[in-house]
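This note is written for a colleague who is meeting the structure for the first time. Please read the numbered points with the sequence and the model side by side.

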Amino acid sequence: MSRKVDLYEEGNKLPDFLVALRPHTVWEKTPVKLYCTVHGHPRPVVSWFKDGVPVNPLNAPGKYKIESKYGVHGLIITLLLHPVPRLTQMHPSKLEVTLLERFSVSFGVEGGSISLACSMVVVPDLPNLPPLAHWYRDDHLMKAGPLAEMKVGGGLARLNLPRLAKDDEGLYTLRIYTKEGTTEHSAYLFVQDAVPSVAGAPGAPMSVKVFDINMDFALVSWKPPNTTNEAAVSGYFVDRCEAGSDHWVQCNDTPVKVCKYPVTGLTLGQAVHFRVRAVNSAGISRPSRRSQKVTAADPAESERLQAPRALYNSQMYGCVNRPGIGYVTIPGEPTSVHASEVYQAYVVLSWTPPTPRGRARLWYIIEKCLAGTEEWTRINTGVKVQSPRYPIFDLLDGKSYQFRVFSANQFGSSEASAPTGPVQKADEHGKAGAVVATRNTKSSVFVQWEASKVPNSLLGYYIDARPAGSKLWQPCNHKPFRHTRFVVHGLVPGETYVFRVQAVNLFGLSAESQESSPIAVEPALATPSSPFGITLLSCNGSSMTLAWKSPKHCGGSHVNAYYVDRRNADKLQWKEVNVSAIKERVYTVEGLTEGNFYEFKVQAGNMAGVGVPSEASKPMKCEAWTMAEPGPAFDLSFSEVRSDSLVILWKAPVYTGASAVTGYLVEMAKKGSMNMVVYPLQVGGLEAGETYVFRVRSVNADGVGKASQVSEPILAKALPGTQEIVCGVDEQTGDIFLSLEACEISETSQFVWSKNYKGIGDCPRLSASADGRTLTFTSPDKDDLGRYSVVVTDTDGVSASHTLTEDGEVKAYSSCSSPSVVPLKHGLNYEILEKGHVRFWLQATKLSAAASYRFIVNDKEVTSGEGQKISHDAKTGVIQMTVEHFTRANEGTYTVQIHDGKAKNQTSLVLVGDVFKAALTEAEFQRKEHLRKLGPHFSEYLYFTVAEDCTVLLACTSASELVLQCTPEGIRLQCYMTYYTEEMKTVWKHRDSKIASSEKMRIGGTAEMAWMQICDPSDKEKGQYTIEISDGVNVYARSFDLSGQAYTDAYEEYLRLNCKSRDQSLSLTCTVWGEPTPEVTWFKNEQEVASCEHTKVTFEGGKFASLVITQVTSLSQQRVMLYMFITVHLGTCTSMPHASY
């Protein structure tokens, strides 16, 4: 980055404009600043003119301000929206006012209080003549009163708001007037809703105003509340009370939906206040702030009272016909009848009283008719309307009406007025247009939107925000904002938000606008502010070494360039010192003349460009330094600011004097006191909330050197949400870490770590996380002891420190140097699964993704493969191995070794002896049970053998062993075969005695098996059973011993099934579809099934056909054939589900 500056030769010259005035186009209501640069020798005198007339700031106080610094002349024109007090009303003293501490954007709550204050320096400071200060809210001058307490004096201007309401929300401006112009400051005050009296109720309405006041009529208006998360407002109640009373009376019986309501029934001369409450489905809101006092009066009375005075002043005597009164009995008709307020809920009719009106008491009669019908109907039957205003309710939607009015008194009524034109109720809503959000500051966003297309009755806009990804909207303002540009404050730095806008008018809130694009809360990209604090560090007679402080605002990107200008102190012309950018904030200016005085200024640059230059330094003499004492320290900075302590840092002096610097003296000033401390320094014992300044002096063997520049004032107060560094040990790796959760961070922020407040160089033992928040000691040792600090750049001073001491951290180091233990929830255990598989498992408290482990069985490592599967789940910490074929070979000791980072653990299980036998027995039983439940299957798959004569024999096991199966009817023994029919020669035997089929011992079979069932078994049926099958050549036999524990288990299972099967039902369901819808018929053993108590037939949705048979018992066991007969127009089809019940 480079910069080009025009250079001009010095010398005596006639006045000339180096930079002339240029045209300006500015926003309305914004100040205009005109600048020009004038060159000449001697210095020219500059005067300003407007249209040929000299500009004199004294003739228009506050409007014009003239500046002149270093040849740059400026005229600042302020657009005055309010009258400025004349100089004759001001103090005769010519006061100079400089504002110091200023009130910032503030947040309050309804019912609370808040103070806005600015401290200032007044010259001359006269106790009896404080400056004239005015407070404004939204550009409206405020007056002191019970709701706004104002005080000026003692170097402070304060506004106290003791009872906050949403009416108080707005932009507050303090404007202080002097003879030379004005000094002012502005900031926004937000007032949020108080907690509602009923959960979910809306916020209170606001800005209650009363106008169009008559003898018995007043029109009350207000602004609706924002309902971001509450139910929509359905209407409002208007209350009134007499002045001096707290007894409120509700004016309307049903909620009115428009934010205006005509109140009738007032009494002439009655003084009243009004308030409004909002209603929604959850309840009624808190009442609004009450309106100002109003008095019911006849607005025409003052005009009539003025007539006699006018006649008297004109010296007119005799019989006079006064305008508007006259000597008449029956009044004339009203004129100018029109609808002054037209809304969805009502219409307000207005007219001009008659002329002449007579002396008798006057009232009005109102009639209406549908437009074009001439069928007039009186509206105010029984009510004498005395005001020329009247609200008309109960008009039909979509109908147009006409109205006319009669005047009446005790002598009679007038002719009818001319009828109005057609009047129809209206309802207008218009939402805001596209919403655009842009960056503003680190905690605010600038939001702008297109105006509503329906500007009638527009009261303003409500802006809502929500964090991206959240569904909960939050209100940004609590009082309608009139303009289409708004700065949303109080946002979380770095968070991403979405915004929307709702238009507000008399009818309520419009629909929400389209949401804005998500935007992160970051400072807007701009050029940096000016550097400051230019200091002379050293001089050798031909060069001067300077230092300066970095800009207070970086502009949203890193400052990467500085440019220095210089000039002779008695000249106006500035000369460029460096063309190429300077990266550091220390620079030596060469080519100077010894004995001359020079002034310097510095500009900072970032990716957005070069910012404004700094103020010119004080004149510095180019004179060689020869003193023995050291020069000044520089670049004072602060970190770790807390309510009672802070850390001050600085850089060593460039000029060391005749000997090396041996130390430093730090001077701290508070109310004139000083305290000497020693570097490196952490200042303690501060008073919370007090402000301090510091300066540093270097010391060598020859004495105390020059003092540094006085630091910026520093407030002894921690930032909101300040966190300290957390020191801990990583459970997985055993490494020590230091971590800081910053309470504030921006897009350009960096975490800068240091040890003993010196930069940390390349160290293999230290590493920082990707975001810089965490510093990790990979292999810590005692050399790492010390004080570690971190500073978060581009923040308001987020910083913290932590000291690793030998007493506190050596034990942590030693514990980290040895491997830690992986904690276990459960040690190695086993369980028998359904298929007879055996699962060995353990569970760790926590496992990382990089954890490793191994299974060792009888001193040999096993891996996942055929016969066993090994796996783990890092989320649950479970490590397991499943053995599919558990046999006697699996007896032994099982061990699992775990490695997770530096942590280790080992767990073992001894499975031998009786424990192993029990596990093996259970595994075999579960395997057999699985095979039994599996049904017919090959006990041995097809295989082949080759005989000696080279023939190939294909074979498989065609008959299984006898297996036992329990049913609700008894105990069944069955043998699965490749093929079986009842004609095959089979013989069943019990204890070598042949069994004949009977009701007690049933014998049968299917195509896949032969079976024999013992019905209602008893102890007599115990013993060995054998089946013999003959193929005509050989006899094959299978046996089963039904005695002992086998019989006991089988009999218990039979009893359980028999009890469970009672009173059960059978449900058969089939899905049918077709076009047109088919007809479905169920058959049982060739007989059609109809719905009855025992059977229920349904066909739902033309698709699902069901048959439910209730109360199925073992006593009614029989084999039946069920099928469906489905008929459609194109043919039939049949489905045959078989059932045995």
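Predicted model: local features only at pLDDT ≥ 70, side-chain atom pairs only at ≥ 80, totals over all residues.

1. The largest nonpolar core comprises 31 residues. Those with the most contacts inside this core are Val220, Trp222, Tyr236, Val238, Tyr261, Val263 and Phe274. Two or more residues each come from β16 (206-211), β17 (217-223), β18 (235-242), β20 (260-264), β21 (271-280) and β33 (458-467). Of the elements, β17 gives the most, with five residues.

2. Another core, of 25 residues, lies apart from the largest one. Its members include Leu847, Ala851, Met881 and Phe886.

3. His990 belongs to strand β75, which spans residues 985-990. Leaving aside residues up to four places away in sequence, His990 touches Ile995, Lys1020, Glu1021, Lys1022, Gly1023, Gln1024 and Tyr1025.

4. Phe446 is found in strand β32 (residues 444-449). With a relative accessible area of 23%, Phe446 is partly exposed. Phe446 and Arg485 are 39 residues apart in sequence, while their C-alpha atoms are 7.3 Å apart in space. Arg485 is also one of the residues that Phe446 touches; the others are Val436, Ala437, Thr438, Asn440, Phe486 and Val487, again not counting residues up to four places away in sequence.

5. A nonpolar patch on the surface is formed by Leu100, Val121 and Val123. Together these residues have about 250 Å² of accessible area. Val121 sits in strand β9 (residues 114-123) and is partly exposed, its relative accessible area being 39%.

6. Attention is also drawn to the backbone of Asp51. Its phi is near 55°, a positive value in a residue other than glycine. Asp51 lies in the loop between β3 (49-50) and β4 (53-54). This residue is exposed, with a relative accessible area of 76%.

7. Phi of Asn756 is near 55°, which is positive although the residue is not glycine. Where is Asn756 placed? It is in the loop between β57 (751-755) and β58 (758-759).

Terms used:
Residues numbered from 1 in each chain as written. Heavy atoms only, no water. Core = buried A, V, L, I, M, F, W, Y, C linked by side-chain atoms within 4.5 Å. Buried < 20%, exposed > 50% of the residue type's maximum accessible area, 1.4 Å probe, protein only. Helix = DSSP H or I, 4+ residues; strand = E, 2+ residues; numbered from the N terminus. Contact = heavy atoms within 4.5 Å. Patch = residues over 30% accessible without salt bridge, like charges linked within 9 Å, V, L, I, M, F, W, Y side chains within 5 Å. Areas by Shrake-Rupley, 256 points an atom, 1.4 Å probe, with all protein chains shown as cover. Salt bridge = Lys/Arg side-chain N within 4 Å of Asp/Glu carboxyl O.
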